[in-house]
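The sequence and structure come first.

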Amino acid sequence: MSIDKPISKTSFALTTPLYYVNGLPHIGSAYTTMIADAIARWYRLSGHEVMFVTGTDEHGQKIQRTAEEKGVNPQEHCDRISQQFQDLWHKLDIKFDRFSRTTASNHQAIVNEFFARVQKSDDIYLAQQQGWYCVACEEFKEKRELTEDGFCPIHTNQKVEWRDEENYFFRLSRYQQQLEELYTKNPDFIQPESRRNEVINFVKQGLQDFSISRVNVSWGFPIPDDPKHTIYVWFDALLGYISALLDENDPPTLENALKKWYPFNLHLIGKDILRFHAVYWPAMLMSAQLPLPKQVFGHGFLTKDGKKMGKSLGNTLDPFSLVEKYGSDAVRYYFLKEIELGEDGDFNEIRFVNTLNADLANDLGNLLNRSLGMLKKYCKGVLPPITQTDISEENEVKQIGKSLEKKVIEAYQNYRFSSLCQEVLNLIRSCNKFIDESQPWSLYKQGEQKEVEKILYVVLESVRFAGFSLAPIIPNISNKIYTQLGFNFDFNQKDLGLKSNISNEHGQWGILPINQELPKAEPIFARLEVPENK
Ligand code: MSP
């Protein structure tokens, strides 16, 4: 098996975490997935082949206990919850390529083969494990990490449990130097910068081997040759990324799984599981002599009253009702725009409604409506015979539009969605100002038809460019904008970029075709009601 395959410049493979099925998906799980979807959509739009993996993590003590408490068979429980994740992703217009389930039949073969490779490197041994375990994190905690009364710092309603049992261990300590080299030679491997420093400091303190089996958990894969142990849920789950890459009819071997998409360009995760992805996972891959992912990006938390929202704490916001009430574009836009990726962010429904009304209904929606109304009145509803060369280089909106071309690409490449939205809004606001100042209605009365047409060109082209630039975030609104401007594109179509090479042309300001006939004007985003007493 070749392990030195160079990473492709025309394809992009990314993952979200595989979510625990101990409860229904919440807005925190949706947050990571919406971001990953926007990234996947951007790469597809710019002509890349994309592999976007998400899924569910279904083994381990936490799931076993949840099923026991509910009095259901664990597999039935997993099937039910995993389906809810998929349903939510559909409601949120998440266009994943693979949905990985760690209870899928082909996954066990991958785990066993990988385990054997690590064993062959002499990195697995049996020893006594003693320590405090947080079932909600599925992780041993150091005494110094716990709260004063012995609770997990993330799951402050969960007491950690003492464990003293024989486990198989992974020789993580052996990879200390190689990991340090990895971080030094690849400054982008862990992002953002603050997270990178956290990991480097953690590793500097000295790495300890960690246990990769359990004797008191039956809900997991048995250790080959010693079935009274099951494989630790994290060791199993991380490999779910690789199993996801098997094509439907592939025999489940590592060679088959790794042939096309591997290694991953990006693991997008929350900061709570950084250590697993940036320390344990690369070390496991080094041991198995497989290539490493290119980047691990640890984003911040959605919080409620300052605490991480989560299934275990039970302080979550129901994403199903949020989407039902406000629609998927609204939810996607709010979370991507209001929280710069990497930062924590609190949710507040009034702020949510106000942001959407201000940006999408007022600034963007009204601008389109207003200019389509003028187009109907002054140009018979047909795009004017103007091209961008007719617009002076001095025109401020044109300048902002032109300078946005590069900024959009850079923003997507660096996952700076909030800045991207701000920049696009800046273009939109400059258009509103331009109309107010240039007063096309007066120019029309004075018979300055060409000048009126130029103004409408500048404004409508800017709305188009805004729609294109935001399509990975608000695909349905972008579709409506494009339809209103007489185009026939569907931004929800996965192969749009590959088929049409759309980003080369539409990713530039100044391409609005002449004489295109437009349909009847419809609002693209209806104003939302401000909720009471929130
Ligand atoms: N099953 C593991 C991941 C295994 S990956 C091989 C797991 N699952 S989880 O469901 O508990 O959390 C998964 C991810 O959900 C977090 O890392 C994070 O990306 C996201 N979030 C969960 N709660 C969140 C918030 N309150 N805010 C933002 N993201 C959150 O860990």
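**Salt bridges and domain contact**

Lys337, Glu338, Arg351, Asp359, Asp363 and Arg429 are linked in a network of salt bridges (a salt bridge is a side-chain nitrogen of Lys or Arg within 4 Å of a carboxyl oxygen of Asp or Glu). This is a predicted model, in which local features need pLDDT of at least 70 and side-chain atom pairs count only at pLDDT 80 or more, while totals for chains, interfaces and linings use all residues. Residues are numbered from 1 along each chain as its sequence is written, and side-chain values use heavy atoms, with hydrogens and water left out.

Q: How many residues apart in sequence are the parts that Asp363 and Arg429 tie together?
A: The side chains of Asp363 and Arg429 meet in a salt bridge at 2.8 Å, N to O. Asp363 lies in helix H13 (residues 349-379) and Arg429 in helix H15 (residues 417-438), so the parts tied together are separated in sequence by 66 residues (helices, H or I of at least four residues, and strands, E of at least two, are DSSP runs numbered from the N terminus).

Q: Is Lys398 buried or exposed?
A: Buried means under 20% relative accessible area, exposed over 50%, and partly exposed in between (1.4 Å probe, protein chains only). Lys398 forms a salt bridge with Glu393 (3.0 Å, N to O), and Glu393 is exposed at 56%. With a relative accessible area of 2%, Lys398 is buried.

Q: In which strand does the salt-bridge partner of Arg65 lie?
A: The side chain of Arg65 meets that of Glu161 at 2.7 Å, N to O. Arg65 is partly exposed at 29%, and Glu161 is partly exposed at 23%. Arg65 belongs to helix H2 (residues 61-70), and the strand that holds Glu161 (residues 161-170) is S6.

Q: Which side chains meet in a salt bridge at 2.9 Å, N to O?
A: The count between domain 1 and domain 2 is one salt bridge. At 2.9 Å, N to O, the side chains that meet are Asp97 and Lys494.
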